[in-house]
Amino acid sequence: MQFWRRKSLWLALSASWLLLTFLGVLPLLRLAVSPRPQPIAPQGWPCWLDAALLRSFSQPEEPPEDAPQLPQAPRGASCSWGICFDPSRCRGDGLKVFAPAAAGPASEMHRRILASLESSRYHTRNLTEACLLLLLSADTPSGRCGPAPHHWDGGRNHLVVRLHPDPCPWASQLGQAMVAEASPRVDTFRPGFDVALPLLPEAHPLRGGAPGQLRQHSPHPRATLLALAEEGGRWRTADTHSSTCPWDGRCEQDLGSKQTSPEEKLPNATFCLIPGRHAEASRFLQALQAGCIPVLLSPRWELPFSEVIDWTKAAIVADERLPLQVLAALQEMAPARVLALRQQTQFLWDAYFSSVEKVVHTTLEILQDRILGVSARPSLQWNSPPGALLALSTFSRRPQDFPFYHLQQGSRPEGRFSALIWVGAPGQPPLKLIQAVAGSQHCAQILVLWSGEKPLPFRWPDTRVPLTVVDGHRKVSDRFFPYSAISTDAILSLDAHSSLSTSEVDFAFVVWQSFPERMVGFLTWSHFWDAAQGGWGYTAETANEFSMVLTAAAFYHRYYHTLFTYSLPKAMRTLADEAPACVDVLMNFLVAAVTKLPPIKVPYGKQHQEAAPLVRAGGRPGWGRSGPQPPHQDCINQMAAEFGHMPLVSSRLRLDPVLFKDPVSVQRKKYRSLEKP
């Protein structure tokens, strides 16, 4: 009798488990499928968030390896990278892209794409240098068809960009051409060969773009909201704790949903439910910008840049046939996981999708990584701040060589720095400055960039570290060239008129080691909005708030020399050469645009400020005491227009040594000379 009871109970439990599995209750949600293997190194989150909020979810749990996968639709033609593309044409100079002139009038979106291509380091105007030809197909279904392009060669080594379905006959017979298509269908997309683009709105900006809408102190103490994409550009919001199913008519009556108009911004919701229909793919970017976690309901289109972006960290895929179970699973999601997903949406939006230029440059970087093969950048650089567009492969392909990944790699910058001293007119050797810097226990070498009109001195002071003099540089921007002689990660940028003590140098370098991605300096400027002039301005007057540090005495990572030389437009570097005061602004713009963080100020002795001249040689303002408004105010507006936004971030933080100016014995203080009157 006991045997039959146990057997009956066992059969009943087994039948219940099979029934639950058949209904799809376990599991109900899965993270978006990652196109690449998970990296071994832990993934980081945007560093502009409070670290205290991230202590328990900086490395969220990963989905189990045996997690069930949604059925995959049959893929497209058999063309692949190794078969239909000849990478040997790209050897030597690497990827070079040529765009033939359009046969007819180009749309505004096409002009933005071509402008973005021309601003890329991969663009060439010489057809013979190119190893890839980029073609723009008709912009709308009603667009007129042009003749088949010259040099078609069956489409080999061609990239056809499709923003909409193309009516042209030649475009439907692509042959061996790659296709970069907006939200392509999963049954026609060729992984590793085609490129999935986002579906861009017509008014998408050329560069810069609007920032993400998730603020630093999210999530707010409020009920979690759902936002469902509906026809006509509307969103319907509802509380996840209500017994409603916004997209299923079988659910109970709606107990509090609200519908927005097409003109309204996306509501401040936690989850954005996006139906799998191709027509709803445009809502994906809206959700990313708003910091709303995309919940894709059985999507029938490929996620943008799925080849390199790990969407498991920013999106969720759910079965649209199980509305009640999906809502229950969203309610039970841990708050730590919710915030981590929302943070990643903001990083991805800002790094790859906020402008047409970023979308085009991301496409080209994906193709460059394919050409590099095993030397391509790791997934960590694509899926961690600041993103692959700002981690140039020409500098290094190892994450530990960049200033951004020390936390993820568990490493620390090396304990030495190189001093780079710029000597302009009238060209007096900075003997006292050289001795002070050489006395630092962390100094590895000193490089003097001689740009004065006077001939080089024959004798230089004897120092315990190597001293190298480089002659012949006349442009101010040359001080930020990536010289091969620089052997350390840290650079101390100095002017010949700078005045520092050895203790000040030592302390500033120790601070930089804790913040290797930022600039650490002594004298500061601040920017402001001038309502009367309708533009930006900046001032050198002393204030509690600052947003820039002067490069006449500042620590930063040598990688920023590579970015300054090879990433900034030539027009920006020319502007800095014509207006020397603007070189400080431009370098601070660059670092702030990469890190989204302000610089760090360290103490600077009053004895230096009183002894230093008010205006530096070459017209550069204020090394030392607070002075009047710097000249060339308009350069900050030209730079803001070129960047597409104002990247500078204000701060009121100054880092001082322990016991700095405390009423205790001087013998207890490590940096004693910092407090000398």
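## Basis of the description

Two strands count as paired if DSSP finds at least two bridges between them. Helices (H or I, at least four residues) and strands (E, at least two) are DSSP runs, numbered from the N terminus. The model is predicted, so local features need pLDDT of at least 70 and side-chain atom pairs count only at pLDDT 80 or more, while totals for chains, interfaces and linings use all residues. Residues are numbered from 1 along each chain as its sequence is written, and side-chain values use heavy atoms, with hydrogens and water left out.

## The chain as a whole

The protein chain contains 17 helices and 22 strands. Of its 677 residues, 53% are buried, where buried means under 20% relative accessible area, exposed over 50%, and partly exposed in between (1.4 Å probe, protein chains only). The accessible surface is about 31,200 Å², and carbon and sulfur atoms hold 55% of that; the areas come from the Shrake-Rupley method with a 1.4 Å probe, and for residues only the protein chains shown count as cover.

A contact means heavy atoms within 4.5 Å. Among contacts in the protein chain with a separation of 6 or more, 71% are between residues 24 or more positions apart.

Strands of a sheet pair through backbone hydrogen bonds, either parallel or antiparallel. Here, 3 strands form an open sheet in the order β19-β18-β20, with antiparallel pairing. Its edge strands, each pairing on one side only, are β19 (535-539) and β20 (548-549).

Strand β18 (residues 524-530) is joined to β19 by 5 bridges in the antiparallel sense. Within β19, Gly535 stands opposite Asp530, and Tyr538 is the bridge partner of His527. The two strands β18 and β19 make a hairpin with 4 residues between them, and Gly534 in the turn has a positive phi of about 70°. Of the 5 residues of β19, 4 are buried, and the strand is mostly covered. Helix α17 (residues 634-643) packs on the sheet and touches β18 and β19, its direction making about 130° with that of β19. For such angles, axes are lines fitted to C-alpha atoms, for helices over the stretch in contact, and the values run from 0 to 180 degrees between N-to-C directions.

Strands β13 and β16 run parallel and are joined by 6 bridges; Phe417 has Ala490 in β16 as its bridge partner.

The buried residues of α11 (residues 431-438) are Leu433, Ile434, Ala436, Val437 and Ala438. Their cover includes β13 (417-423), β14 (443-450), β16 (490-495) and α12 (502-514).

Helix α13 (residues 559-566) is largely enclosed by the rest of the structure, because 7 of its 8 residues are buried. These are Tyr559, Tyr560, His561, Thr562, Leu563, Phe564 and Thr565. What covers them includes β13, β16, β21, α14 (570-578) and α15 (582-595).

Gln381 is in helix α9 (residues 379-383) and counts as buried because its relative accessibility is 0%. Leaving out residues up to four places away in sequence, Gln381 touches Tyr352, Gly387, Ala388, Ala391, Arg398, Pro399, Phe402 and Tyr405.

Ala238 belongs to strand β8 (residues 235-239) and, at 4% relative accessibility, counts as buried. Its C-alpha atom is 9.0 Å from that of Ala269, which is 31 residues apart from Ala238 along the chain.

A cavity is a set of points, on a 1 Å grid over the protein atoms alone, where a 1.4 Å probe fits but cannot get out; lining residues have an atom within 4 Å of a point. Grid points are joined across faces, edges and corners, and a volume is the space filled by probe spheres set on the points. By this rule there are 6 cavities of 30 Å³ or more.

The largest cavity holds about 130 Å³ of space. It is lined by 13 residues, of which Val161, Leu197, Val359, Val360 and Thr363 are the closest to its centre. Helix α8 (residues 356-372) gives the most to this lining, with 5 residues.

Technical notes:
On a 1 Å grid over the protein atoms alone, a cavity is a set of points where a 1.4 Å probe fits but cannot get out, and a pocket is an open set with protein on both sides within 12 Å along at least five of seven lines; lining residues have an atom within 4 Å of a point.
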